[in-house]
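Thanks for joining. I have one structure to walk through this morning, so let me put it up.

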Amino acid sequence: SGALKRVDVEAALQARRARADADARRTLRDLTRGDVLLATRGERVGVVNALLVYDHGEHSFARPGRVSAAVGVGGGGVIDIEREVDFSGETHHKAVQILSGLLRERFAQELPLCVTASLCFEQSYGPIDGDSASVAEVVALCSALSGLPVRQGWAVTGSLNQKAEVQPVGAVNEKIEGYFDVCVAQGLTGEQGVILPQANARDLMLRPDVIEAVRARRFQVVAVSELDAALELMLGTQRAEVRARVEATLRGYAEAWRDFRGGGHEVGAQG
């Protein structure tokens, strides 16, 4: 008969899972053979591993992606490259505006914030939305401004408010497992791990292999409630030192901007 049977439904579900696995495997292959640049060891200034969810319509999976920051003297503030090329959704744009407010409150109380900084999701060629990369973006900026390198073994997920509190995000289990898979493929070192919001700790239901690696101290999962805790872990430096270095850079930028403007130059002047 032409009636739909249980075996037909199960076969369709299995086929859908196979398609989802194929996308995930392809992304993992690109990350491990270097087609997509991402390091799980060493240190880099202004580069952070963020945890991203790839939505392919009927299925989704998580993989890490590189967020980078570049900084210099100027009055442009924080530039969201994704928004400049119409790749940024409204939620991500709001997150960048919140990030800008956080920087003003923290570093622009005595001197103007004379910085032009750009944020980018490297090798991303489609729409970006959501606020779960906010912590990663601020860590990348603080690294670029302080000159302190980011430990590439860490990946981070988390939203921020203007008071530097880390807020919960979605798909936290998938994000941790996705980064773990990349670390396994590139080789576990014992110095790799994921930083997530404290509020998401109650949501953890990780695969047995991830749990075993954490128990054996071959992989770490750390929950934080504030930005400074993430900065200390990822930059390997106490929060007071991080802040002092960022402030020193911004003070130098403010002085350079004052001298530039005081010398009769104007923004956009030629030659």
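Helices here are DSSP runs of H or I with at least four residues, strands are runs of E with at least two, and both are numbered from the N terminus. This is a predicted model, where local features need pLDDT of at least 70, side-chain atom pairs count only at pLDDT 80 or more, and totals for chains, interfaces and linings use all residues. Residues are numbered from 1 along each chain as its sequence is written, and side-chain values use heavy atoms, with hydrogens and water left out.

Stay with H7. Seven of its nine residues are buried, so the helix is mostly covered. Buried means under 20% relative accessible area, exposed means over 50%, and partly exposed is in between, with a 1.4 Å probe and protein chains only. The buried ones are Leu-227, Asp-228, Ala-229, Ala-230, Leu-231, Met-234 and Leu-235.

Back to phi for a moment. Most residues other than glycine have a negative phi. Two residues to look at, then. Gln-123 is not a glycine, yet its phi is positive, about 55°. Gln-123 is found in the loop between strand E5 (115–121) and helix H4 (134–146). Gln-123 is partly exposed, at 31% relative accessible area. Ala-164 also has a positive phi, near 70°. Ala-164 lies in the loop between strand E8 (159–160) and strand E9 (166–167). Is Ala-164 buried or exposed? Buried, with a relative accessible area of 7%.

Now the whole chain. The protein chain has eight helices and 11 strands. Its C-alpha atoms fill a box of roughly 85 × 45 × 35 Å along the principal axes. Of its 271 residues, 44% count as buried. Contact means heavy atoms within 4.5 Å. Take the contacts with a separation of 6 or more: residues 24 or more positions apart account for 78% of them.

Next, helix H3, residues 90–107. The buried residues of H3 include His-92, Val-96, Leu-99, Leu-103, Arg-106 and Phe-107.

Pick out His-92, which sits in H3. His-92 has a relative accessible area of 2%, so it counts as buried. Its side chain makes a polar contact of 3.1 Å with the side chain of Ser-88. A polar contact is a pair of N or O atoms within 3.5 Å; within protein, one must be able to donate a hydrogen and the other to accept it, and residues adjacent in sequence count only if both atoms are side-chain atoms. Leave out residues up to four places away in sequence, and His-92 touches Asp-80, Glu-82, Phe-121, Ile-128, Asp-129, Gly-130 and Glu-137.

Another buried residue: Val-210, at 0% relative accessible area. Val-210 is in helix H6, residues 208–215. Beyond its neighbours within four places in sequence, Val-210 contacts Ile-176, Glu-177, Phe-180 and Phe-219. Val-210 and Asp-181 are 29 residues apart in sequence, and 9.0 Å apart C-alpha to C-alpha.

On a 1 Å grid over the protein atoms alone, a cavity is a set of points where a 1.4 Å probe fits but cannot get out; a pocket is an open set with protein on both sides within 12 Å along at least five of seven lines; lining residues have an atom within 4 Å of a point. Grid points are joined across faces, edges and corners, and a volume is the space filled by probe spheres set on the points.

How many cavities of 30 Å³ or more are there? One. The largest cavity holds about 50 Å³. Its lining includes Cys-142, Asp-228 and Arg-239. H8 (239–262) gives the most, with four residues.

The largest pocket has about 670 Å³ of space. It is lined by 31 residues, and the closest to its centre are Leu-52, Val-53, Tyr-54, Pro-127 and Ile-128. Helix H1 (6–32), strand E2 (47–55) and strand E3 (60–73) each supply at least two lining residues.
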